[in-house]
Structures are given as C-alpha cells and as structure tokens.
Amino acid sequence: MSAPNISQVSRVRALYKAILRIHRGLPLQMKAMGDQYVKDEFKRHKDAPPLETGIFMDEWTKYYLTIGKQLAARKKVQTIGVDLSPELLDCFQNDQVAQLYELFKETNKPLNDDDN
C-alpha cells in the first residue's frame, strides 16, 4: 500500500471513529440507529472510486460538524440533523433515494413502550 493510500485510510478511519464518538451524545435510539447506519455506509464505500470517496468524506465531515454544533448547543428542545435540499436529492442515485426512504420510515415509527 502506498503512502497516499495509508494517509487516506487513516483519514477515513479517524472520521469514522469521530462520528461514532459524537453519537455518544445522541439519545439512545438515535445513537443505535446512527451507529449502525455509519458502519454500513463506511463498509459499503470501502472500495469506492476516488471521486466518490472524496464526496463521501466531504458529506460525512459536514455531518460530523453539524451534529457536533447541534449537540453543543444544549437547548431544551434539541434539533438533530438538517433537511436535505432538493438540489442535493437530485444528485442521489436511485438506490440512495430508496435507502434514504427506508431510513425515513424507520425514524418515523412510533416508539414502543418497551423502548422508553
């Protein structure tokens, strides 16, 4: 493995670990769902082409910064996440839209009494 590849692997690993660490500040159910989603996404993009990897890293870095700012705000009613713009959604592939829809359905399920 060449030096640039080792450096890239280190950056990816550092971002992955940082995201999992920041998830510790989320409510328990959000943390569990977020951790699993991050693990799946990073695994899915393990062998992505360089252009896609750059976009992937940029977006996950933005996610990390956004969640960090939102958790640091410590408001009574805390907003987690941001809405996706129509322009960004237009860039998604069909399988990404389907995956996003599944995530949407999962996050909008009513809570069970057992989950409290």
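Helices (H or I, at least four residues) and strands (E, at least two) are DSSP runs, numbered from the N terminus. This is a predicted model, in which local features need pLDDT of at least 70, side-chain atom pairs count only at pLDDT 80 or more, and totals for chains, interfaces and linings use all residues. Residues are numbered from 1 along each chain as its sequence is written, and side-chain values use heavy atoms, with hydrogens and water left out.

**Figure 1. Overview of the protein chain, with 5 helices and 0 strands.** Along the sequence, the pattern reads α-α-α-α-α. Of the 116 residues in the protein chain, 18% are buried (buried means under 20% relative accessible area, exposed over 50%, and partly exposed in between, with a 1.4 Å probe and protein chains only). Among contacts (heavy atoms within 4.5 Å) with a separation of 6 or more, 49% join residues 24 or more positions apart.

**Figure 2. The largest nonpolar core, made up of 8 residues.** A nonpolar core is a set of buried Ala, Val, Leu, Ile, Met, Phe, Trp, Tyr and Cys residues joined through side-chain atoms within 4.5 Å. The members here are Leu-15, Ile-19, Leu-20, Val-38, Phe-42, Phe-56, Met-57 and Trp-60. At least two residues of this core come from each of helix 1 (3–22), helix 2 and helix 3.

Figure 3. Phe-56 counts as buried because its relative accessibility is 11%. Neighbours within four places in sequence aside, Phe-56 is in contact with Glu-41, Phe-42 and His-45. Between Phe-56 and Glu-41, which are 15 residues apart in sequence, the C-alpha to C-alpha distance is 9.4 Å.

**Figure 4. His-45 in the loop between helix 2 (28–44) and helix 3 (50–73).** With 16% relative accessibility, His-45 counts as buried. When residues up to four places away in sequence are not counted, His-45 touches Glu-52 and Phe-56. The side chains of His-45 and Glu-52 are joined by a polar contact of 3.5 Å. A polar contact is a pair of N or O atoms within 3.5 Å; within protein, one must be able to donate a hydrogen and the other to accept it, and residues adjacent in sequence count only if both atoms are side-chain atoms.

**Figure 5. Packing of helix 2 against helix 5 (residues 94–107).** The axes of the two helices are 12 Å apart and form an angle of about 170°; axes are lines fitted to C-alpha atoms, for helices over the stretch in contact, and angles run from 0 to 180 degrees between N-to-C directions. Helix 2 and helix 5 are therefore roughly antiparallel to each other (angles under 35 degrees count as roughly parallel, over 145 as roughly antiparallel, 65 to 115 as roughly perpendicular and the rest as oblique). Helix 2 contributes Met-33, Tyr-37, Glu-41 and Arg-44 to the contact, and helix 5 contributes Gln-99, Leu-103, Glu-106 and Thr-107.

**Figure 6. Gln-8 in helix 1.** Gln-8 counts as partly exposed, because its relative accessibility is 24%. Apart from neighbours within four places in sequence, Gln-8 is in contact with Thr-53 and Met-57. A polar contact of 2.6 Å links the side chains of Gln-8 and Arg-11. Gln-8 and Gly-54 are 46 residues apart along the chain, and their C-alpha atoms are separated by 10.0 Å.
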